[in-house]
Each structure stands twice: as structure tokens, then as C-alpha cells.
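Please read this briefing alongside the sequence and the structure.

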Amino acid sequence: MSSEITDAVQVIHILFEGTDLFLRVAGVGLKPLKQLAKLFMGILAKEKMEGKTSMKNLLKRGGDMHVFKFPQEQLKKVEAMAKKYGILYSLLPDFNKDGMREMVFHAESLPRMNALIEKLKAGQVMGLEEYFQDTSGRDIDKFYEEMKGRASEKGAGKETKAMQKNIASRGQEQKHPWMETGYLKMKDIEAIPLDQRLNILERYQSGEYDPITITGKLVTEQKEDYVTVRLPRQTGKFIRIPAEDFYFPEGSRTALAFLKKKEEMKVVNADLKL
């Protein structure tokens, strides 16, 4: 997720999940433009977690946006009327807690929004620049960081569950005669750094590796390039596993390793000879 601000024409360009999204604004300085980009990126992250796409679809249209401000107690009524009038909108965070709420909508829906206001007999339309005059940059920063953090945590949780599912399914496949295949406990998986978890998930999904679990007592040596493991129930027999295929969660008694299916694992003696 990234954003680019073109100051001369006051266009906000947001790259979200590989999709280019644009918003044109007028009468807003450079600093508010940066805050606006943060606000919209925060809303995009929030809506993604909620399974919604309103802001993304609004930004896909490009062009201008307006803000509709109305009493908090009429929120449900406004949302129902917006649906009835065919107005695509995205609800803005309630930063001020002043009994009012705001929603952003595309300029092309302005005639329908005016009809809604006339029917509602309440509320007013304002520009984004006016909305930002009453909105704290600190609140926007806090909202953006919170949504970004929650999105990262949720993504990590999905990866963890997918990983554990893959591990469990692998447990039923053919085992090495000298080492049992199993899976790590959830707490052990969560102890692995996120970047390593992504690598682990790729190995499971590739189908090119056999995953194995190894009790920590069998690990006799850990080098930068490889790890030496003693084979259980076989005196003086060892194997070497590439370091990039070996994961030992901090505080765990069990390590996770991946053996390439197309490569025969070489068993060596204590002198590391075949």
C-alpha cells in the first residue's frame, strides 16, 4: 500500500493491492493532502478487514468527492436512504465525537444527495477541504497506524491458520523411516517471525518439500549455512539440513524443517562421512 501526491494538480494517487486509485481535490494544501492520503488508506484497510469495498470503488471512479455531514442519531436512516437513492458512500471515522457523522461520496451523486437531504430535512454537504479544517491530523495519524497494524495482524493470523492446515494435511503423507512427520503447535508457529512464516507457507504450497518436525535434543550443531541433526534410534548417524529450510521457534522444544523431495538426504557418521 503506498500513496503519491502530485502537488501541482492536487491529485492523490493511491496504490492499493495492485490497483491504481485517484482522487482530485481543490483548495487543500500539501500537508492536508498527505493527511487525506493517510485517511483514505486507513479506511481502505478497515473496509478490507470488514469485507467492504465502498472506498475502493469510489476511488476507482476518480474525480471529485464531497462530504455529507448529518446527525449521529440518523445514521441508520441515512444509510437506508443512500441505498434507496443509489448513492455509493464510505462512512468516515467519528473523530470529533460531536454528535455528528460524515460520509464521503462522489461528486456525480450530488443531485441524488441533495434529494436525500431535502427528504431528510437535515444535514449539509461540504468539500473535503472544509472537513479537514475540523479534523485533527493527530487523530488521522492514530487511525491510520491502528488500521495498518490491525490489517497486518489479521494477515499474519490467516497465514498462521493456512500454515497449520497445510502441516496437518502433510502429517498423513508418507513418512521418512528415520524421522516422524508432524506439525508445530499454534504458539510455536506464532513465535516465528512473519517473514519466515511466509517462507514456510511457500514451501508447503509448492509441494516440492517434505515437512518434518525435529525435537530440539536432536539438533547438535547450528551453522550459518546448515544445521546438523542426529537421527533418532540410530547411533552415530546424522543429516545436514540447509539453514534456509530449518526453523526453530524461540522457546520451543520442536523445530520444523523441509526436505526436498527430489533430493536424497545423505546420512553421515560423527565424522560427517557417508
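Buried means under 20% relative accessible area, exposed means over 50%, and partly exposed covers what is in between, with a 1.4 Å probe and protein chains only. By that definition Lys97 is exposed, because its relative accessible area is 65%. This is a predicted model, in which local features need pLDDT of at least 70 and side-chain atom pairs count only at pLDDT 80 or more, while totals for chains, interfaces and linings use all residues. Residues are numbered from 1 along each chain as its sequence is written, and side-chain values use heavy atoms, with hydrogens and water left out.

**Positive surface patch**

- Lys77, Lys84, Lys119 and Lys121 form a positive surface patch, a term that covers residues with over 30% relative accessible area and no salt bridge, like charges being joined within 9 Å and nonpolar side chains (Val, Leu, Ile, Met, Phe, Trp, Tyr) within 5 Å.
- A salt bridge here is a side-chain nitrogen of Lys or Arg within 4 Å of a carboxyl oxygen of Asp or Glu.
- Lys119 belongs to helix H4, residues 110-120, where helices (H or I, at least four residues) and strands (E, at least two) are DSSP runs numbered from the N terminus.
- Lys119 counts as exposed because its relative accessibility is 59%.

**Positive phi angles**

- Lys121, a member of the patch, has a positive phi near 60 degrees although this residue is other than glycine.
- Lys121 sits in the loop between H4 and strand E7 (124-127), and it counts as exposed because its relative accessibility is 71%.
- Lys97, which is not a glycine either, has a positive phi of about 50 degrees, and its place is in the loop between strand E5 (89-91) and strand E6 (100-106).

**Aromatic pairs**

- The structure holds five aromatic pairs, for which rings of Phe, Tyr and Trp (its six-membered ring) must have centres within 6.5 Å, planes under 30 degrees apart counting as stacked, over 60 as edge-to-face and the rest as tilted.
- One of them joins Phe95 and Phe143 edge-to-face, at 5.9 Å centre to centre and with 80 degrees between the planes.
- Because Phe95 lies in the loop between E5 and E6 and Phe143 in helix H6 (residues 137-170), this pair ties together parts that are 48 residues apart in sequence.
- Phe95 and Phe143 are both buried.
- Tyr209 and Phe258 have ring centres 6.1 Å apart and planes at 85 degrees, so this pair is edge-to-face.
- The pair links distant parts of the chain, with Tyr209 in strand E8 (residues 209-215) and Phe258 in strand E13 (residues 254-260), 49 residues apart.
- Tyr209 and Phe258 are buried, and together with Tyr247 they form one aromatic cluster.

Notes:
Accessible areas come from the Shrake-Rupley method with a 1.4 Å probe; for residues, only the protein chains shown count as cover. Lys and Arg count as positive and Asp and Glu as negative; His and the chain ends are not counted. The place of a charge is taken as NZ of Lys, CZ of Arg, CG of Asp or CD of Glu.
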